[in-house]
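Please examine the structure below alongside the paragraphs that follow. They lead from individual pairs of side chains to the chain as a whole.

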Amino acid sequence: MGKPYSDELEGLAHTFEWAGQQPVDQLRRFLSRWSGEHVAVVGSGGSYSAALIVALFRELVHHSPTSAVTPLEFDAMLRRLSPRTLLLSAEGKNRDVLAAARAAQAADLSSAALTLTTSNPLLEFAAAHASLRAFAFQMDWGKDGYLATNSLAATSLLAYRALFGHNDFMAQLGPLFHPERLTARRNHFRSWTGLERACRSGLLVLFSAQAKPFAVDLESKFAEAALAHVQTADLRQFAHGRHLQLAAQFPMAVILVTSVEEASLALATAQLLPPTVQQWMIELDGQREQDTAIAGLIDAMFVTDVFAQAAGIDPGQPEVPEFGRAIHAIDSAPLLHSMPKMRSRLELAACRKEGTPGGRDQAAKPNVVSAAADYANTLTRAEIKAIVCDFDGTLCRAENRFDPMAAEHVEQISSLLRQGMVLAIATGRGDSLYKDLRKSFDPDLYSAITVGYYSGSLIARLDEPFEQPPANAAFQDLCNWLQKSVYHQHYKPLSDLARGGQLSIRLDSAHECARLLSAVHHWLKHNGLRDWRAYSSGHSIDILDADTSKRNVVAHVAAKHQIDPNAEILRMGDAGQEGGNDYELLSEGLSLSCERVSVDLATCWNFGASGSNQVDVTSAYLRGLSPHGGAFRLLPAALFGE
């Protein structure tokens, strides 16, 4: 089974080179959308080590709570929490990760998967269900050995590059993966002696805080390869009673592992261990915590290698007993009575309206389910003659906003236009979207598409030239205030921040965004600008003057086509919650959200399939539009499901 472990270690430098060549921009943009939210990173076996590292990376970059969990722990977590979910699986085929994907879907969670093959059961699940966003890469080193060494390294390296950027990837990790450094490090561990005795006595791995990834992965490798019994404890947890076992007649051997920054604590501990205790000290390379984590993975692989050679075992090619294969094949969901129960679309819509956290078994209030049914019936009876919708997150996935529109979505919209549907896009973007739309649609459809740029500051057909609207000079006072605030680094000249009646500020984190949004609201109130509004979308804030609103686009379409803005125009967006940049658009009339909703039971509902969001939900709504006389009807299946 697999390949020789020593051959796997020889491939680490190539794995680093491979990871540096993969396209990770979409993964980076997707993960940034979850900034500020609790995320569960799910991995089993060796992928749990990767989950621990990815969770660390995310907390360092997004400063957001992140839990590394096994699939079984994830199943239990869903009884009390509703985290965003990232599944890690190199080959995407083990039963436990597939069960986690089904559980995330049933719990209506936003979820994604990172795999290292482009054809596997997890990707098939993602293709069949819009609930899972898949990021698939193709490893080029063939099948891994039993411990999946290069898969673990590759997953961790892809996450590092997506979150910290290519420059840091090359500057900080390049030296760690230099072939000469890898050879020298491997030879260093080969100089260790007395390993056979340690295999018999067992190992106690004492780790500093930054060295935890090493300890977790070493324990995993030793257990899976049956090399030796391993216990792990951090340096101070060890101090609380766990030291007593080292006073035994035949104590365990000790590996103390630390970052450079924490070495003094490890040294102080090592000096107090009994002289009868066999011990080794490892000081991990790496200038920062994320670099130390990667260095720890490498060292754990090399330490496993030297102990395996001492024991005469090849960890990459073990003889796996039949009982082990049978245990691995167990389908745990029916045994735990945790088979996912899919809720009806009305129940899902009601739960989204209530917005209460936690629990896949959470039941919606009957009156809210009844309100969902009433609203869905209203929509299916409506004579729809026009659509006004947001773009980013609605007609394309937010992480794909810089890429061309997907061909299938362009064709879907084009078909509706050719059947007589009126379409207008209400967006905070400007000339970049104008160019993208003209590249995506056939020129004969340009005149059928109206766009409200900069939240309705400029409204024009796609066949008309784009003319940049001048910034409202009244925004200057707000710019001056921003320059004097703690967010002065985001200050730019008015001409760079504002277009027409919209001023936009891009920030680095969801926390910063929420704090500045609150401050802007206070500034507007203090300055008597009660007709101005401020909304957020991801990491950006849009401030609108009194004359600017996405509702302007609705009014424009209604006046031009002589239709009722509240009864004959279907509005769609992804950020319909209070404070979201689609709130005004979706807070009246016939409105559907493809992600976040307001608390108002009279408007802004999300009837998407469980776990589905953004353009996948929008596409389902659009598929449900059927010509009916001189208008369109929304088929019940688009809201109630098949």
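In this predicted model, the side chains of arginine 596 and glutamate 37 meet in a salt bridge, with a distance of 2.8 Å from N to O. Arginine 596 belongs to strand 19 (residues 590-596), whereas glutamate 37 sits in the loop between helix 3 (25-33) and strand 1 (39-42), so the pair ties together parts that are 559 residues apart in sequence. Arginine 596 has a relative accessible area of 33% and is therefore partly exposed. Glutamate 37, with a relative accessible area of 23%, is also classed as partly exposed.

A second salt bridge joins glutamate 383 to arginine 633, and here the closest N and O atoms are 2.7 Å apart. Glutamate 383 is found in the loop between helix 18 (366-381) and strand 10 (386-389), and arginine 633 in strand 21 (residues 631-634), so this pair ties together parts that are 250 residues apart in sequence. Glutamate 383 is partly exposed, at 26% relative accessibility, and arginine 633 is partly exposed, with a relative accessible area of 27%.

The loop between strand 11 (422-426) and helix 20 (431-440) holds arginine 429, while the loop between strand 10 and helix 19 (407-418) holds aspartate 392, so the parts tied together are 37 residues apart in sequence. Are these two residues, arginine 429 and aspartate 392, buried or exposed? Both arginine 429 and aspartate 392 are buried.

Salt bridges may also be linked to one another: Arg133, Arg397, Glu399 and Asp616 are joined in a network of them. A search of the whole structure finds 35 salt bridges.

The surface has nonpolar regions as well. Leu72, Phe323, Ile327, Ile330, Leu335 and Leu336 make a nonpolar surface patch of about 630 Å². Of these residues, leucine 72 is located in helix 5 (residues 71-77). Leucine 72 counts as exposed because its relative accessibility is 53%, and the cut-off for exposed is over 50%.

Finally, the chain may be considered as a whole. Its secondary structure comes to 27 helices and 21 strands. The radius of gyration is 28 Å, close to the 26 Å that the globule rule gives for 642 residues, so the chain is as compact as a globular protein of that length. Buried residues make up 56% of the 642 residues. The accessible surface comes to about 26900 Å², of which 52% belongs to carbon and sulfur atoms. Among contacts with a separation of 6 or more, 71% are between residues 24 or more positions apart.

Key: Residues numbered from 1 in each chain as written. Predicted model: local features only at pLDDT ≥ 70, side-chain atom pairs only at ≥ 80, totals over all residues. Heavy atoms only, no water. Patch = residues over 30% accessible without salt bridge, like charges linked within 9 Å, V, L, I, M, F, W, Y side chains within 5 Å. Areas by Shrake-Rupley, 256 points an atom, 1.4 Å probe, with all protein chains shown as cover. Salt bridge = Lys/Arg side-chain N within 4 Å of Asp/Glu carboxyl O. Helix = DSSP H or I, 4+ residues; strand = E, 2+ residues; numbered from the N terminus. Buried < 20%, exposed > 50% of the residue type's maximum accessible area, 1.4 Å probe, protein only. Rg over C-alpha atoms; globule rule 2.2 N^0.38 Å. Contact = heavy atoms within 4.5 Å.
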